[in-house]
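Please read the following points alongside the model.

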Amino acid sequence: MRRQRENYTGEEKVRILRRHLLGAAMAAKNRRVILFIGDGSFQLTCQALSTMIRNGLTPKIFLINNQGYTMERLTHDGSYNDVQPWKNFALPVIFGGAEGMEVRTEGDLERAFEKIETVSPLSFTEIHLGKWEHCQSLQGDAPSTECGTGE
Ligand SMILES: Cc1ncc(C[n+]2csc(CCOP(=O)(O)OP(=O)(O)O)c2C)c(N)n1
Ligand SMILES: [Mg+2]
């Protein structure tokens, strides 16, 4: 399968779970479909995860939890960019699927990769990052970033 392009606008980001991942996973059941999604976008579209579990789809989902709308923080910071801190990793079980995983360290990530390879069909891995961590393409004129702080 072709890779989707890497950068999405805020509007596209919030639709990625339903519009892109659900569609791709339904269309290519014999392929490995991987998604990296932000915590803010996920909060608006998380019910699509339930549909994927219901349809027995097997995407590998990595939720990047940087505690809110970081792309908006880069334009103007304020508490309105924070989101309620959900226990995202618990949602697959709530939706009737297999347990999600939580990653806070490199060791956690390695263990998660092993599990993804060997065990669960649909995997859901919540990765905790600092609230200013973002991809470089968003930087532009933005304030300097604190990468890897885990705050
Ligand atoms: C339709 C719509 N609803 C809400 C928003 C508010 N909003 C701004 S950015 C964003 C998503 C970005 O947050 P996240 O997915 O956590 O990615 P990050 O910027 O942290 O990498 C949202 C939901 C929006 N842009 N569009
Ligand atoms: Mg975020």
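In which sense do strand β2 (residues 60–65) and β4 pair, and over how many bridges? They pair in the parallel sense, over 6 bridges.

1. Basis. This is a predicted model, in which local features need pLDDT of at least 70 and side-chain atom pairs count only at pLDDT 80 or more, while totals for chains, interfaces and linings use all residues. Residues are numbered from 1 along each chain as its sequence is written, and chains are lettered from A and ligands numbered from 1 in the order in which they are written.

2. Confidence. The mean pLDDT (the predictor's confidence in each residue, from 0 to 100) is 85 for the protein, and 82% of the residues score at least 70. Strand β3 (residues 101–103) has the highest confidence, at 98, and helix α1 (residues 10–27) the lowest, at a mean of 77.

3. Sheet. Helices (H or I, at least four residues) and strands (E, at least two) are DSSP runs, numbered from the N terminus; two strands pair if DSSP finds at least two bridges between them. The open sheet has 4 strands in the order β1-β2-β4-β3, with parallel pairing. β1 (34–38) and β3 are at the edges with a single partner strand each, so one side of each has no neighbour in the sheet. On average, neighbouring strands are turned by 20 degrees against each other, direction ignored.

4. β1 and β2 run parallel and are joined by 5 bridges; G38 has I64 as its bridge partner in β2. I64 in turn is partnered by I127 in β4. E126 of β4 is the bridge partner of L63 and also of E102. Between β3 and β4 there are 3 bridges, again in the parallel sense.

5. Helix α6 (residues 106–118) lies across β2, β3 and β4 and runs at about 150 degrees to β3. Axes are lines fitted to C-alpha atoms, for helices over the stretch in contact, with angles from 0 to 180 degrees between N-to-C directions.

Definitions and conventions. Two residues are in contact if their C-beta atoms, placed from the backbone, lie within 7 Å.
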